[in-house]
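Please look at the sequence and the 3D structure shown here.

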Amino acid sequence: AGNAPMWPTIFQQPEVMGLYWTLETELAFYLSCWVIWRCGWLDRPQVLAGLVVGMSLAWFAVKGSTQLLATLDGMPGAWKNLPGHLGVMFWGAYFRIVYDESEGFRRKLHDRKFWILVGLTLVILAVGGSRQFRFFIHPSCSWFSPYVVGPCLFLCWTVWLRVRFRALVWLGQISYSIYLFHLVVATPLLVFVARPENAAWRGWPVVCYVAPAIALSILVSAVIYYAVERPTISLGRRLAGRRPGDFGVQAAP
């Protein structure tokens, strides 16, 4: 019951599955967007840019201040990291504005929005790379960080590579189901291999375990997408109604 509304932390309950902590972050972002939209600011680039900088600096302060961390010691990690995650999400919203106005970066922008995007990207990368002041506390720590690698890969794939394979488009359609159910598939496989009586299944090359897990995850996710996710999306649109201004709005190519 605590997990049903996807806010288990509020009800002081553990997540049904550990990776589902991101669902709370998602809902926090949607709620933030609704509040900003009600204020009439959602399409104002300067507001989004301010949110990117403000959220990123707030996250930097939380993760970098030992004293502040001690004050927030009882707070779940997902909530401590929430400002940083919201900063990345609002960066994506600003990116979308520049993307649309430049026709997918096919047309050069001659205004300041593009350079603001560059600056915001540097903020995200700098804060993500120096999170928790690891270069002060543990100089030997690796600097690998998904908060740096993720935005860089996103920029490469959307600005330069422009891969349009149908198979990848289809995987994008079912990707949310893959995210929700890949561990549901992988965990039983892991338990099966770990059982003492199944010792013969252990010691194989890693690809022998990863490939079936990926294939089965895609299969299960496709079934969930077509049987549950897509019909539910259609139902939600019918219940919410479609405003005249919504027609013609399409996803980015």
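## Cavities

A search of the whole structure finds 2 cavities of 30 Å³ or more. A cavity is a set of points, on a 1 Å grid over the protein atoms alone, where a 1.4 Å probe fits but cannot get out. A volume is the space filled by probe spheres set on the points, with grid points joined across faces, edges and corners. Rolling a probe the size of a water molecule over the atoms shows where empty space is left.

This is a predicted model, in which local features need pLDDT of at least 70 and side-chain atom pairs count only at pLDDT 80 or more, while totals for chains, interfaces and linings use all residues. Residues are numbered from 1 along each chain as its sequence is written, and side-chain values use heavy atoms, with hydrogens and water left out.

The second largest cavity holds about 50 Å³ of space. Which residues line the second largest cavity? They are S56, W59, G84, V88, I124, V127, G128 and Y147. Lining residues have an atom within 4 Å of a point. Helices α2 (45-64), α5 and α6 each supply at least two residues of this lining. The largest share, 3 residues, comes from α6. By type, the lining of this cavity has 5 nonpolar residues, 3 polar and no charged. Here Ala, Val, Leu, Ile, Met, Phe, Trp, Tyr, Cys and Pro count as nonpolar, Asp, Glu, Lys and Arg as charged, and the others, Gly among them, as polar.

## The largest pocket

A pocket is an open set of points with protein on both sides within 12 Å along at least five of seven lines. The largest pocket has a volume of about 1,800 Å³. It is lined by 39 residues, and the closest to its centre are G92, F95, F154, T158 and S175.

Which helix gives the largest share of this lining? It is α5, with 10 residues. Helices α1 (21-38), α5, α8 (146-161), α9 (166-173) and α10 (175-194) each supply at least two. The lining of the largest pocket divides into 25 nonpolar, 9 polar and 5 charged residues.

## Overall build

The protein has 11 helices and 0 strands. Helices (H or I, at least four residues) and strands (E, at least two) are DSSP runs, numbered from the N terminus. Of the 253 residues in the protein, 28% are buried. Buried means under 20% relative accessible area, exposed over 50%, and partly exposed in between (1.4 Å probe, protein chains only).

## Salt bridges

How many salt bridges does a search of the whole structure find? It finds 3. A salt bridge is a side-chain nitrogen of Lys or Arg within 4 Å of a carboxyl oxygen of Asp or Glu. One pairs D100 with R96, with the closest N and O atoms 2.9 Å apart. The two residues are 4 residues apart in helix α5 (residues 82-101), so about one helical turn separates them. D100 is partly exposed at 42% relative accessible area, and R96 is partly exposed at 32%.

Another salt bridge joins E101 and K113, at 3.6 Å from N to O. E101 lies in helix α5 and K113 in helix α6 (residues 112-129), so the pair ties together parts that are 12 residues apart in sequence. E101 is partly exposed, at 28%. E197 and R195 also form a salt bridge, with the closest N and O atoms 2.6 Å apart. E197 counts as exposed at 52%, whereas R195 is partly exposed at 41%.

## A nonpolar surface patch

L153, W157, W160, L161, V163, F165 and L168 make a nonpolar surface patch of about 770 Å². Patches are made of residues with over 30% relative accessible area and no salt bridge; nonpolar side chains (Val, Leu, Ile, Met, Phe, Trp, Tyr) are joined within 5 Å, like charges within 9 Å. Accessible areas come from the Shrake-Rupley method with a 1.4 Å probe; for residues, only the protein chains shown count as cover.

Helix α8 gives the largest share of the patch, 4 residues. L168 sits in helix α9. It is partly exposed, with a relative accessible area of 41%.

## Positive phi angles

Most residues other than glycine have a negative phi. M6 has a positive phi, near 65 degrees. M6 is in the segment before α1 and is partly exposed at 32%. E103 also has a positive phi, near 55 degrees. E103 lies in the loop between α5 and α6 and counts as partly exposed at 48%.
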